[in-house]
2 protein chains.
Amino acid sequence: MSRFWSPVVQTLTPYVPGEQPQMQRLVKLNTNESPYGPSPKALAAISSQTNEDLRLYPDPEGAALKQAIAKLHGLNPNQVFLGNGSDEVLAHVFAGLLKQSKPVHFPDITYSFYPVYCKLFGIEYKTVPLGTEFETNTIDYFAPNGGIIFPNPNAPTGRSIPRSEIEKLLAKNTDSVVVIDEAYVDYGTESCIPLLRGSNCPENLLVVHTLSKSRALAGLRVGFAVGHPALIEGLERVKNSFNSYPLGRLAQAGAIAAIEDQAHLEATSTKVIKTRSKLIEELKTLGFETLPSTANFIFTRHPKHAGAKIYQALRDRGIIVRHFKSPRIEEFLRITIGTDEQSGELVAALKEILA
Amino acid sequence: MSRFWSPVVQTLTPYVPGEQPQMQRLVKLNTNESPYGPSPKALAAISSQTNEDLRLYPDPEGAALKQAIAKLHGLNPNQVFLGNGSDEVLAHVFAGLLKQSKPVHFPDITYSFYPVYCKLFGIEYKTVPLGTEFETNTIDYFAPNGGIIFPNPNAPTGRSIPRSEIEKLLAKNTDSVVVIDEAYVDYGTESCIPLLRGSNCPENLLVVHTLSKSRALAGLRVGFAVGHPALIEGLERVKNSFNSYPLGRLAQAGAIAAIEDQAHLEATSTKVIKTRSKLIEELKTLGFETLPSTANFIFTRHPKHAGAKIYQALRDRGIIVRHFKSPRIEEFLRITIGTDEQSGELVAALKEILA
C-alpha cells in the first residue's frame, strides 16, 4: 500500500497465472502449453532476425503478420488485430469494446482474467451460470447486456459448443459485441472465424486467438483478434494510445513462420487429441469423472477423493496440475494434455495415490 | 467509427510513432535508434534460447532480469518494474500512479505520448511551458499537482537538467509522484537512479528507462522503471491485472545480457557523443541553431529556412529526420545521431538544400 497509488489500484485483485516452477524433473501439466515444440520454421525465422537490426523498432502495424493471419483464415488484413499474447488483446477488447453502460456478461466458471480486466477498467459485469453439466447454453445470454464474452471451448472446463449455437446467439444479440475466445480451438472445436469471411461479416463478432497453445509459442507472446474492420479500428485506437510496438521483431518473424506452418499445427494437435482420448479412458478406469473436452486439457474429479488432496499428492511426486479453490469446481483438477509418456507418469502416480 | 466502441474510444487521438519506412538505401535519423548494433552477448543469449522451450511461458515476474537491473544500478530487485518497452511501463505508470484527483503536470513540449495516455485513462493534465530557451525550470512545478512527469533529457529538445535540480523538486513536492523519464540518459545526462539507493530512497520518485536507445534493442521491446518498492508494487498490481507475461523468453534473455554488457553501452554511447559534437559544429557553420543536447538526437532550426521545407528536401534525398507540426517547435528538426558517415551524408545534403 502506498498513498501514491491511483485509487483504482487499491481495489485490484490481480490475476494469478499458473506457476512456472523452477523444480527439476517435473511433469508440468498446469498451464496448457503444448508438449511439442513450435514449428522448426518459426525457430529458423527467429534465428534469421537475431542480428544487428534488433537496434531498429519493429513494424508498429505488424503488416506482414496481419497478412499471414488473414491469408490463413480467408480474411482481409484490416480484420486482424495483434497483441502481446491474447491476454493483452483481451485487455484492449475490454477497454475498447466491452466498457459500456450495461454490464458485460460472461460465465460464472471461465477464464479468471475476465473479472480482473473489469476491475481494472471499471466495467460492470454479470456472471451467467453454466448448466449443471458445466455446459454453455447460449439461451442464457439472451438478455440485455453491454457485451458477451466466453471461451469456446470454455476454460477450465474444456467443453465447447458448435458454431451454429453462436450463430443463434448472434441473431438474437445485435446491439452489443460478442467475443469468442478461441485460445484452445485447435483441438476439436468449431471455430467461428468462417462467419467473418466475405461481405456477411457480422459487425459485432470478434474472435480471439493465441499462439501460446497449439502453435507452441507461449514464450514468444503473440495473440490476435479477428473481426469486422470497424471493431479492429477501435482496438487499434486503444493499442496506439497504449503502446505503439507491442510485438518485437523476433515475435513478428516467429509468428509469421508459425502461422504459415499449418502442417505442424495439425500434426501436433492430432497427437494431443489422441493422448487426450486415451487419458480420459484410463482415468475412467480409476473412477474419475471427466467432462467432455475439445481442448488440450481436461477437467476431472474423483467422487471419493478431494481435488485439493490429489493435487497436493501429485505435486509431491513432481507432477504439477491446476486446482482452483472456487465454488462449484473445487473438487476438479485441470490437467494439461502432455505427451503419452507424461500421461503414463500421471496415471501411474494417480494409481499410487488412490490405492 | 462503430457503435460497438466503448465511449472513450471515440475521444482518442492515438500517438503517431516515427515512421519505419520500407525504402531501400535510407539514412534513417528519425526514431532515435542506435546506429550501432546491440551487444553481441545479447544476440548470443537470444540464440541460446531460440529452441523448443519457446513452447513454455516465460517467467511472469522476470526475476532474473530484475536481478540484473538491480545489480547494475545498486538497487534491490523489488525496486524494479519491467514492461514491453518503456511505452508500456509509462502506460502502467499513468494508470497506476498518475491518475489522481489533481491534474498531472508535464512540459508543453515533451514526449507526445503523455497526453495520449491521459486521454485513454481519463486523467486530467496541465502543461507547464518550458522556458524561452526550451529549458526545464523545476520551480515551475512548485504547485499543487496529482503527479509530475518529464523526460531528462527532455524530448524532442535534448536539453537536460542536473540531478540536484530534481532533488530540489523532490524536497518541495512530497505529496505526489515525480516520474523522471530517462529514455535518453546515457548520452551525458545525470541519472536520478543514485537517489533511489539505500534507506533514503524517496517514496515518490520513479525513474523510467528503456533498452531501445543506448542498448540498441528497440526491436526487442524492453523497458523498466525503478523506484520505491511500494510504487513498484502498485505498478505490479496494474500489470498483473492487464497482462501477466509482457516479456517473452527471448526478450528476457537478451535484456539480461545487454544489461550486463555495460562496456558495450559505454563504447557506443561515447561514439554517439563524439559524432553529436562534430555534427553540432558542422551545422553551426551552415547557420543552424541547435539546442544544447545530452541525448542521442539534436533539436535544430535554421533562421532562414522553414523546418518543414528542409524536412521534405532531406526526405527527397533519402534522409529521414523528424519534424513536429506543433506550436513553438514547427521550425525545428529532431535529428537522431547516426554514424559519422551518416552525419557526413546529412551535412552534404543540407549544404545542397541551403545553397
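## Basis of the model

This is a predicted model, in which local features need pLDDT of at least 70 and side-chain atom pairs count only at pLDDT 80 or more, while totals for chains, interfaces and linings use all residues. Residues are numbered from 1 along each chain as its sequence is written, chains are lettered from A and ligands numbered from 1 in the order in which they are written, and side-chain values use heavy atoms, with hydrogens and water left out.

## Contact between chain A and chain B

Chain A contributes 83 residues to the contact and chain B contributes 83 residues, where contact means heavy atoms within 4.5 Å. The area buried between the two chains is about 6,600 Å², with 58% of it given by carbon and sulfur atoms; buried area is the accessible area (1.4 Å probe) that two parts lose on being put together, summed over both. Of the area that chain A buries against chain B, 13% comes from A:Phe4, A:Tyr57 and A:Phe242, more than from any other three residues.

## Two helix pairs in chain A

Helix 1 (residues 40-49) of chain A and helix 7 (residues 249-260) of chain A have axes that come within 7 Å and cross at roughly 150°, the axes being lines fitted to C-alpha atoms over the stretch in contact and the angles running from 0 to 180 degrees between N-to-C directions. The helices are DSSP runs (H or I, at least four residues), as strands are (E, at least two), numbered from the N terminus. Helix 1 and helix 7 of chain A are therefore roughly antiparallel, a term for angles over 145 degrees. Among the residues making this contact are A:Ala45 and A:Ile46 of helix 1 and A:Ala253 and A:Ala257 of helix 7.

The axes of helix 9 (residues 307-316) and helix 10 (residues 340-354) of chain A come within 10 Å and cross at roughly 120°. Here A:Ile310, A:Ala313 and A:Leu314 of helix 9 meet A:Leu346, A:Ala349, A:Leu350 and A:Ile353 of helix 10.

## Salt bridges

Over all chains, the whole structure holds 16 salt bridges, each a side-chain nitrogen of Lys or Arg within 4 Å of a carboxyl oxygen of Asp or Glu. Two salt bridges are found across the interface of chain A and chain B. A:Arg3 and B:Asp175 pair through their side chains in a salt bridge, at 3.2 Å from N to O.

Within chain A, A:Glu289 and A:Arg301 form a salt bridge whose closest N and O atoms are 3.5 Å apart. This pair links distant parts of the chain, with A:Glu289 in strand 9 (residues 289-290) and A:Arg301 in strand 10 (residues 297-301), 12 residues apart.

Technical notes
Parallel < 35°, antiparallel > 145°, perpendicular 65-115°, else oblique.
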